[in-house]
Amino acid sequence: MLTRETVLHIAELAKLELSERETELYAEQLSAILEYAERLNALDTASIPPTAQTIYQRNVLRDDEPGPSLSPDQALANAPQRDGDLFRVQQILE
Amino acid sequence: MKLYDLTIHEALTLMAQGETTSVAITQALLDRIAALDGQIGAYLRVTGDLALAQAKEADARRSRGETAPLLGIPLALKDIICTKGIETTAGSRILQGFIPPYDATVVRRLRAAGAVILGKTNTDEFAMGSSTENSGYWTTHNPWDPTRVPGGSSGGSAAAMAAGLCLGALGSDTGGSIRQPAAYCGVVGFRPTYGRVSRYGLIAFASSLDQIGPFARDVIDAALLTQVIAGHDPRDSTSATEPVPDLCAGLKQGVRGMRLGVPREYYLEGLDPGIERAVRAALDVWRDLGAELVEVSMPHTAYALPTYYLLAPAEASANLARFDGIRYGYAHPEATDIWDAFRRTRAEGFGAEVKRRIMLGTYALSAGYYDAYYLKAQKVRTLIKQDYDEALQQCDALVTPTTPNTAFQIGQHADDPLQMYLEDIYTLPLNLAGVCGISIPCGLLDGLPVGVQLQGRAYDEATVLRVAQAYQEVTSWHKVRPSLPDTPAS
């Protein structure tokens, strides 16, 4: 069973604020899912390489040629807060 | 003639013969959406004015003698596919009001092929779910029984097809999100090989598993739609460079002499006996058409579910890190500093299942657990892929049920995410292996549709489509419709 501290640590890594109820619920539900995932330990995979993707293309490169791109207005059109041609964010450093 | 119930190939023929127009078909569909979708909830957003303008343009092009593969065909798009100038939410509150500044590559290709866009269909939030119950907006109802789910995550597209609210649709399939709702709604759902269709403009869930594909009334339509959307795209570095063959050319060559594999691990406990009967009856049809049935074994099939539920959430936790309330989407109005803003924006913007998967994925990737969970799952993924490589050396395609059960009741799995995940047990393995597969209707069980799934080799969409087409030429399950009122042309 995941502890409350572990759940809160994971939530902090994921930048999610959890309510008390969510913290309890996720401790319970994630524990059940992870317990189910323990089934994988029945398989000996010591000599098996991992598969991250199935297309086996590597380092797809292209020439660095300028092409059409979004205008500042298009790029900023969905911004919750805009300041001229900049995205406005909350204070990061004191 | 029910214009809303045409196949795409029938509609193209009728328009070419001057029997009907794109405007007439589009209007018939918009009328039917207005009449029925209040109860079904397939569309999150209907773009009626745009659709009629596109239909008018398509009719004008046709009258000038122009042709295009989907000229004047009205389609629905899962709301996880970006459409320039049309709100796209991925079924999430965090993207409410988001207007993409560009089209997904598939949308660009559909527009170039002359298609008409009717609107955006409901989905589980960020495609995470098997029922549309995780949508941030509402739950779509199954047109065969409104107390049941349409499946998911592409449940809006599947329900729109089944109810006659579009002629074709696109969805995305990360663990079965096209094939499972297709089975639940009694329509054709095709997931092409990973990399066959560009993911550019598909809002990412799990990037090594996501793939766009079509919903259709029959296999011919699925081939027509796939032909338009498939092909290499320089904007998606994981898109395949393999040339796309003519998918319609060999469609009707039959299955005589082909070998169809029956993997025994798909026919064990947990499978509804009624579904097994329907799938075995479909196997008899293929055998009678001259295919040889061979039993094969895919011993790691049972490990696909735990593998998937470590890898997909891990990838999702990384992909969804971009939702920070700065560049687009919801931003919490009262946050005090940037860290508070991230935490509160994401806490309010994401729904319960998305948060659950971000938590699960973050855990699987975190220090101390990476090897035990994420790396272990990647190694088992190799074993699952090897099962496919070996099985598909012994046969041309694999025949299995699409789902262990028919569509479940709305709310049935509300408190137990693991039970919900088990609904995808027959569709997840394919995504891990990166091959292609289709679900086609093969019967009714207590009045609800049953799907049979065909899985084929990577880049061999043509064989899967050909086997499916052979079945539809001698059966009529794909022509059975739910009992909904007719909506006469206005």
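Author: Happy to! In chain B, 76% of the contacts with a separation of 6 or more are between residues 24 or more positions apart; two residues are in contact if their C-beta atoms, placed from the backbone, lie within 7 Å. This is a predicted model, in which local features need pLDDT of at least 70 and side-chain atom pairs count only at pLDDT 80 or more, while totals for chains, interfaces and linings use all residues. Residues are numbered from 1 along each chain as its sequence is written, and chains are lettered from A and ligands numbered from 1 in the order in which they are written.

Chain B has 15 helices and 11 strands (DSSP runs numbered from the N terminus: helices are H or I with at least four residues, strands are E with at least two). Of its 490 residues, 61% are buried, meaning that 20 or more other C-beta atoms lie within 10 Å of a residue's own.

Now for the two helices. The axes of α8 (residues 273–288) and α15 (residues 461–474) of chain B come within 10 Å and cross at roughly 95°; axes are lines fitted to C-alpha atoms over the stretch in contact, with angles from 0 to 180 degrees between N-to-C directions. α8(B) is therefore roughly perpendicular to α15(B), a term for angles of 65 to 115 degrees.

Which residues meet there? From α8(B) come B:A282, B:V285 and B:W286, and they meet B:V467, B:A470, B:Y471 and B:V474 of α15(B). By class, this contact has 7 nonpolar, no polar and no charged residues; Ala, Val, Leu, Ile, Met, Phe, Trp, Tyr, Cys and Pro count as nonpolar, Asp, Glu, Lys and Arg as charged, and the others, Gly among them, as polar.

Conventions:
A residue is buried if 20 or more other C-beta atoms lie within 10 Å of its own, exposed if 12 or fewer, and partly exposed in between; C-beta atoms are placed from the backbone. Angles under 35 degrees count as roughly parallel, over 145 as roughly antiparallel, 65 to 115 as roughly perpendicular and the rest as oblique.
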